[in-house]
Amino acid sequence: MASLSSDTPAPALVTDTRSRHLRDLRISVTDRCNFRCTYCMPKEVYGRDFQFLERSQLLSFDEINRLVGIFKHHGIEKVRITGGEPLVRRQLERLIEKLAQDTSLDLTLTTNASLLKQKARLLKDAGLQRVTVSLDSLDDAVFRAMNDVDFPVAKVLAGIEEADRVGLNPIKINMVVKRGVNDDAAVDMARYFKGSGHILRFIEFMDVGFTNGWQMEHVVPSRELAERINNVFAIEPAQPNYLGEVAERWHYKDGSGEIGFVSSVTQAFCRDCTRARLSAEGSVYTCLFATRGTDLRSLLRNGASDEQISDVIASIWRARNDNYSEVRTAETAKLRKVEMSYIGG
Ligand code: SAM
Ligand code: SF4
Ligand code: SF4
């Protein structure tokens with residue numbers, strides 16, 4: 001049989017060497033971005049001469065859609081579109097439209113929101129359910145310095161407003177916290193989004209890739225941040241929504257909403273990690289900190305059947321042994337890992 005349809009019985013769900021299932025797929029649709037966030041795509045590396053992928057190297061929307069169908073047979077329930085900046089990929093709404101045909105998938109997107117005001121309605125109409133927006137400070141000068149392309153914070157806030165208005169909510173707001181750069185903005189961010197219905201999540205600065213100059217001294221542990229916020233607005237821990245949830249959830253005691261902490265550095269969550277990543281050129285990675293992936297694009301382009309590709313995915317997952325955050329050291333931080341803008345955040 002050449003293809004797997006929705007009527008094909010699902011195989012017994014594959015587990016890795018640590019008994020973890022495959023539940024989430026993060027898909028990078030481009031390695032390009034219109035920001036140069038200093039912790040992700042530093043200008044000194046991603047300058048004018050940087051060789052991004054050619055258009056022909058990117059998976060087409062049909063190829064991505066086909067792979068998602070195959071991954072679904074291994075238990076994928078959630079798909080997150082990311083990058084690079086996903087909204088710089090032309091006509092992204094066409095991909096959303098294809099993926100949204102399968103209404104059982106939880107379909108979301110992570111964006112820097114620079115183009116969200118123009119695109120929110122199109123994305124919603126195409127079937128996107130929610131968005132996550134990255135925003136590191138409300139202080140315009142700090143934000144402009146962190147994105148390093150002088151992009152104003154007001155435009156991101158306008159994008160968030162529009163996404164909310166068209167119903168791409170609840171919106172998650174991701175703030176990467178770097179000590180001495182924007183950590184003093186955390187309480188202001190909490191104040192701004194408290195009571196808005198949006199969920200602010202503080203992300204520990206991570207040693208993704210090998211070009212962002214990561215050092216442990218730059219990490220503000222979530223515990224410390226939670227204490228700082230609790231000193232101003234009383235918060236209490238909440239139950240996870242599901243096993244393997246990345247963010248640790250907290251509620252404001254006055255009932256005005258929720259915040260989250262993603263503590264990959266100080267409280268590793270590898271034990272429940274059910275995520276795979278598909279790069280823009282069609283390689284699959286089983287960990288954010290991977291040094292190598294497996295090319296699926298050649299299979300797609302060389303006439304492999306769905307079943308053959310499905311078998312390859314199953315064998316990659318069965319062999320998976322990743323637990324990078326549990327074993328991170330200053331030495332592993334220097335490894336030549338794949339960059340986050342390429343692999344998809
Ligand atoms: N361009 C989109 C955006 O920024 O939302 C999507 C891709 S970006 C790589 C995905 C997420 O990774 C963003 O929320 C970003 O802040 C986060 N990120 C990038 N580099 C990081 C790092 N070194 N440590 C922690 N989070 C990081
Ligand atoms: Fe671009 Fe997102 Fe990386 Fe910032 S974090 S450089 S917006 S891909
Ligand atoms: Fe998953 Fe790798 Fe992150 Fe651990 S370090 S939670 S295995 S992506």
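This briefing walks through the sheet, the ligand surroundings, the aromatic pairs and a few backbone details of the structure above. Please keep in mind that the model is predicted. Ligand 2 has a shell without charged residues, whereas three charged residues belong to the shell around ligand 3.

- Strand S3 (residues 106-111) runs parallel to strand S4 (residues 130-134), with four bridges between the two.
- Within that pairing, Thr110 has Thr132 in S4 as its bridge partner.
- Strand S5 (residues 172-177) is also paired in the parallel sense with S6, here over six bridges.
- Opposite Val177 stands Glu204 in S6.

**A closer look at strand S6**

- How many residues of strand S6 (residues 199-204) are buried? Six of its six residues are, so to speak, under cover, and the strand counts as mostly covered.- Ile199, Arg201 and Ile203 point one way from S6, while Leu200, Phe202 and Glu204 point the other way.
- Every one of these six side chains is buried, on both faces of the strand.
- In a regular strand, side chains alternate between the two faces of the sheet.

**Around the ligands**

- Ligand 2 is surrounded by Cys33, Phe35, Cys37, Cys40, Met41, Gly84 and Asn112.
- By class, five residues of the shell around ligand 2 are nonpolar and two are polar.
- Ligand 3 has around it Phe269, Cys270, Cys273, Arg275, Cys287, Leu288, Phe289, Arg320, Asp322, Tyr324 and Ser325.
- The shell around ligand 3 divides into seven nonpolar residues, one polar residue and three charged ones.

**Aromatic pairs and charges over rings**

- Is the pair of Phe289 and Tyr324 stacked or tilted? The ring centres lie 4.4 Å apart and the planes meet at 15 degrees, so the pair is stacked.
- This pair links distant parts of the chain, 35 residues apart: Phe289 is in the loop between strand S11 (283-285) and strand S12 (294-295), and Tyr324 is in helix H10 (residues 324-327).
- Both Phe289 and Tyr324 are buried, and both belong to the shell around ligand 3.
- The ring of Phe289 also has the charged end of Arg328 over it, 5.1 Å from its centre.
- In another part of the list, the charged end of Lys194 sits over the ring of Tyr252, 5.1 Å from the ring centre.
- Phe35, Phe143 and Phe151 form one aromatic cluster, and Phe35 is among the residues that surround ligand 2.

- Leu13 is in the segment before strand S1 (24-28).
- With a relative accessible area of 46%, Leu13 is partly exposed.
- Which residues are in contact with Leu13, leaving aside neighbours within four places in sequence? They are His21, His73, His74 and Gly75.
- Leu13 and Thr108 are 95 residues apart along the chain, and their C-alpha atoms are separated by 23 Å.

**Backbone details**

- A cis peptide bond, with omega of about 0 degrees, joins Asn169 and Pro170.
- Pro170 is found in the loop between helix H5 (153-166) and S5.
- Gln91 has a positive phi of about 55 degrees although it is not a glycine.
- The place of Gln91 is in the loop between strand S2 (78-82) and helix H2 (92-99), and its relative accessible area of 37% makes Gln91 partly exposed.
- Asp150, another residue other than glycine, also has a positive phi, near 65 degrees.
- Asp150 lies in the loop between helix H4 (140-147) and H5.

Notes:
Residues numbered from 1 in each chain as written. Chains lettered and ligands numbered in written order. Predicted model: local features only at pLDDT ≥ 70, side-chain atom pairs only at ≥ 80, totals over all residues. Heavy atoms only, no water. Near = heavy atom within 4 Å. Nonpolar A, V, L, I, M, F, W, Y, C, P; charged D, E, K, R; others polar. Phe/Tyr/Trp six-rings, centres within 6.5 Å; stacked < 30°, edge-to-face > 60°. Buried < 20%, exposed > 50% of the residue type's maximum accessible area, 1.4 Å probe, protein only. Lys NZ or Arg CZ within 6 Å of the ring centre and 35° of its normal. Pairing = 2+ DSSP bridges. Contact = heavy atoms within 4.5 Å.
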